[in-house]
Amino acid sequence: MNKHKYNGLCKLMALVLTLVMVTGMLPVTTLAVQSPQIIVEQGYAMPGETVQLNVLLQGNTGISNALLELNYDSSLELVQVERGDALAGLFYTKPAAYTSGCHFLWDSLAGEDTQDGTLLTLTFQVKANAQTFTDARVWVTCRKGDVTDAMDQNVNVTFTEGFVEIIDYMPGDVNGDLQVNGTDVSMLRRYIVGDPITINPLAGDINGDARLNGTDVVLLRRFIAGGYEVEFKTGRAP
């Protein structure tokens with residue numbers, strides 16, 4: 001073999017090996033393809049009550065058109081839907097009826113939207129005969145080709161379903177009088193230190209960690225006082 005050709009071949013092989021080594025050392029995250037996520041939140045309510053769940057869009061890589069199907073458990077009734085700020089640059093068409101299996105459509109003539117945020121805010125009413133201490137599922141799906149970018153290429157979307165936990169008590173109302181006030185704080189304190197009184201432990205577990213302690217008392221006091229952001233979380237009996 002010609003000496004010059006041999007040297008050139010060696011240099012080419014060395015370059016290829018270098019590229020392979022460098023590529024192999026790159027973090028996996030730089031090679032991964034980002035995928036948008038659509039997430040349905042969780043909530044809780046008693047039979048006959050209403051509850052709001054947000055449908056969130058995260059990691060939006062650019063969407064020009066989207067057709068999404070919404071399904072939910074038979075113990076729920078969808079009574080209202082509000083459009084959120086995500087995909088606000090696209091034209092929006094709501095379904096003719098809010099039955100389970102209804103479709104929501106966003107479309108654009110040529111552009112695309114990259115905004116993350118809330119797609120929809122769903123207001124459900126829990127049916128009066130709904131079974132308590134069950135989770136009523138709420139989920140969103142689409143078929144391949146139903147979500148596309150400005151080049152009319154399919155966008156792979158991952159979905160996380162949510163649910164409404166159906167409970168039989170009012171969080172914070174430890175004595176069951178359908179009010180949350182100072183009496184509940186006093187009774188919760190007494191119960192925690194062993195006073196032989198009857199309360200609903202589930203209603204007193206404000207942060208949903210399956211324990212009753214001073215944290216629950218403080219959160220309950222803040223809720224009653226107002227001016228604090230207190231989120232009631234449901235849990236299992238402490």
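Visitor: Hi! What should I know before I look?
Guide: This is a predicted model, where local features need pLDDT of at least 70 and side-chain atom pairs count only at pLDDT 80 or more, while totals for chains, interfaces and linings use all residues. Residues are numbered from 1 along each chain as its sequence is written, and side-chain values use heavy atoms, with hydrogens and water left out.

Visitor: Okay, how do helices H3 and H5 cross?
Guide: H3 (residues 182–192) and H5 (residues 214–225) have axes that come within 10 Å and cross at roughly 175°. Helices (H or I, at least four residues) and strands (E, at least two) are DSSP runs, numbered from the N terminus. Axes are lines fitted to C-alpha atoms, for helices over the stretch in contact, with angles from 0 to 180 degrees between N-to-C directions.

Visitor: What does that make them to each other?
Guide: H3 and H5 are therefore roughly antiparallel; that word is for angles over 145 degrees, with under 35 roughly parallel, 65 to 115 roughly perpendicular and the rest oblique.

Visitor: Which residues make the contact?
Guide: From H3 they are Gly182, Asp184, Val185, Leu188, Arg189 and Ile192, and from H5 Asp216, Val217, Leu220, Arg221 and Ile224. Contact means heavy atoms within 4.5 Å. Six of these residues are nonpolar, one is polar and four are charged. Here Ala, Val, Leu, Ile, Met, Phe, Trp, Tyr, Cys and Pro count as nonpolar, Asp, Glu, Lys and Arg as charged, and the others, Gly among them, as polar.

Visitor: New topic: how many cavities of 30 Å³ or more are there?
Guide: The structure holds two. A cavity is a set of points on a 1 Å grid over the protein atoms alone where a 1.4 Å probe fits but cannot get out; a pocket is an open set with protein on both sides within 12 Å along at least five of seven lines, and lining residues have an atom within 4 Å of a point. Grid points are joined across faces, edges and corners, and a volume is the space filled by probe spheres set on the points.

Visitor: What lines the largest cavity?
Guide: Its lining includes Ile38, Leu57 and Val157, and by class has nine nonpolar, no polar and no charged residues. The space is about 50 Å³.

Visitor: And how big is the largest pocket?
Guide: About 230 Å³. Strand S2 gives the largest share of its lining, three residues.

Visitor: Last one: where are arginine 137 and glutamate 161, the salt-bridge pair?
Guide: Arginine 137 is in strand S9 (residues 134–141) and glutamate 161 in the loop between S11 (158–160) and S12, so the pair ties together parts 24 residues apart in sequence. Their side chains meet at 2.9 Å, N to O. A salt bridge is a side-chain nitrogen of Lys or Arg within 4 Å of a carboxyl oxygen of Asp or Glu.
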